[in-house]
Amino acid sequence: MTVYASNRRRLPRHPEEVEDPDAARPPAPAVAPSLERLRGRLRELAPVVVAFSGGADSAFLAWVANDTLGEQAGAVTAVSPSLAPEEERDCRLLAGEWGLRWTAVATDELADPAYSANDGRRCYWCKSALLDALAPYTEGGATVVLGVNLDDLGDHRPGQEAAAERGAAFPLVDAGFTKADVRAASARLGLRTWDKPAAACLASRVPYGTPVTVGVLSSVARAESALRALGFAQLRVRHYGDLARIEVEVSDLDKVVDEREAVVAAVRAAGYRYVTLDLEGFRSGNLNGALAATTSPTASGGSR
């Protein structure tokens, strides 16, 4: 795997090494016992390959795996049209900053009609493509590990089902980490990803039943990138043909209205004719509400 060396100061290995442990730290219970359980679980699974998307969870897992296992830990980022360009760039930057044994691998889930059809099992086929792409990196007996936390288990995410079928492991779950625990531990370790806004693949912006295409994903990516450039950190642009439905934090609703002309121009430049604002604000996974009530609540990997 490609190693990106870093010229930056080494991040602290343990919480007590953070220069100002009280600065910008989210309130949370002590994380040291959970962190030691995570390190122990990673040692049991070693060698490991972290499926590294750059989000707070996978970034935390990648850092701890690298810190704990050294050369027995690698990180791989799957690159496809469903990955936001900013996320790919940040994976590369984080790999350099942290000295991860990192590489990027192309995946082509869009070539699978079962994926592009975009039914309630879309994420199953996406994760299957990911695990297939990671297979060459496990030939020496490595275990693929994913940044799934306890909070993820209650949503509709069939991708986890596909991962488990192929022998992937979820060490954050095994160690008892919730999303809040991940953020608290990341802050104590000095990781800049501790407060990174929640992210998900771009296909999660497309309502079930609407085919996922490169063009659709490109429009979503361009619209979201333009809105981030305007200062909106946590957002989604939901795709409804030539209509875009913007979700931002409730605290940012006034800002959207105040900057209405710039917002409309940015989204229209991405290819949308109509620009709408969801007054309920940002809601992770809200498109899952359209799924049939018979969908298994334990299936993992859906629209966020």
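The model is predicted: local features need pLDDT of at least 70, side-chain atom pairs count only at pLDDT 80 or more, and totals for chains, interfaces and linings use all residues. Residues are numbered from 1 along each chain as its sequence is written, and side-chain values use heavy atoms, with hydrogens and water left out. Helices (H or I, at least four residues) and strands (E, at least two) are DSSP runs, numbered from the N terminus.

Two strands pair if DSSP finds at least two bridges between them. Strands β2 and β3 run parallel and are joined by five bridges; Thr 77 has Ala 104 in β3 as its bridge partner. Contact here means heavy atoms within 4.5 Å.

Helix α5 (122–134) also receives the buried residues of α6, which pack against it. In helix α6 (residues 158–165), these buried residues are Pro 158, Gly 159, Gln 160, Ala 162 and Ala 163. A residue is buried under 20% relative accessible area, exposed over 50%, and partly exposed in between (1.4 Å probe, protein chains only). Gly 167 follows α6 and has a positive phi, near 85°.

The next helices to consider are α2 and α8. The axes of helix α2 (residues 56–69) and helix α8 (residues 179–189) come within 10 Å and cross at roughly 50°. Angles under 35 degrees count as roughly parallel, over 145 as roughly antiparallel, 65 to 115 as roughly perpendicular and the rest as oblique; α2 and α8 are therefore oblique to each other. The crossing in which α2 passes α8 is left-handed, a term used if the near helix is turned anticlockwise from the far one by less than a right angle, with right-handed used if clockwise. On the α2 side, Ala 56, Asp 57, Phe 60, Trp 63 and Val 64 take part, and they meet Lys 179, Val 182, Arg 183, Ala 185, Ser 186 and Leu 189 in α8. By class, this contact of α2 with α8 has seven nonpolar, one polar and three charged residues. In this scheme Ala, Val, Leu, Ile, Met, Phe, Trp, Tyr, Cys and Pro count as nonpolar, Asp, Glu, Lys and Arg as charged, and the others, Gly among them, as polar.

Gln 72 sits in the loop between α2 and β2 (73–79). With a relative accessible area of 42%, Gln 72 is partly exposed. Leaving aside its neighbours within four places in sequence, Gln 72 is in contact with Ala 46, Pro 47 and Val 48. Gln 72 and Arg 43 are 29 residues apart in sequence, yet 9.3 Å apart in space, C-alpha to C-alpha.

A further open sheet has three strands in the order β5-β6-β7, with mixed pairing. Its edge strands are β5 (235–240) and β7 (274–277), each of which pairs on one side only. Neighbouring strands of this sheet are turned by 25° against each other on average, direction ignored. Strands β5 and β6 pair in the antiparallel sense over six bridges. Along this pair, His 239 stands opposite Ala 244 in β6, and Arg 238 has Arg 245 as its bridge partner. The hairpin of β5 and β6 has two residues between the strands, and Gly 241 takes a positive phi near 65° there. Strand β6 (residues 243–248) runs parallel to β7, to which four bridges join it; Leu 243 stands opposite Tyr 274 in β7.

Five of the six residues of β5 are buried, so β5 is largely enclosed by the rest of the structure. For β6, too, five of the six residues are buried, so it is largely enclosed by the rest of the structure. Helix α9 (residues 214–229) lies across β5 and β6, running at about 145° to β5.

Note on methods
Axes are lines fitted to C-alpha atoms, for helices over the stretch in contact, and angles run from 0 to 180 degrees between N-to-C directions.
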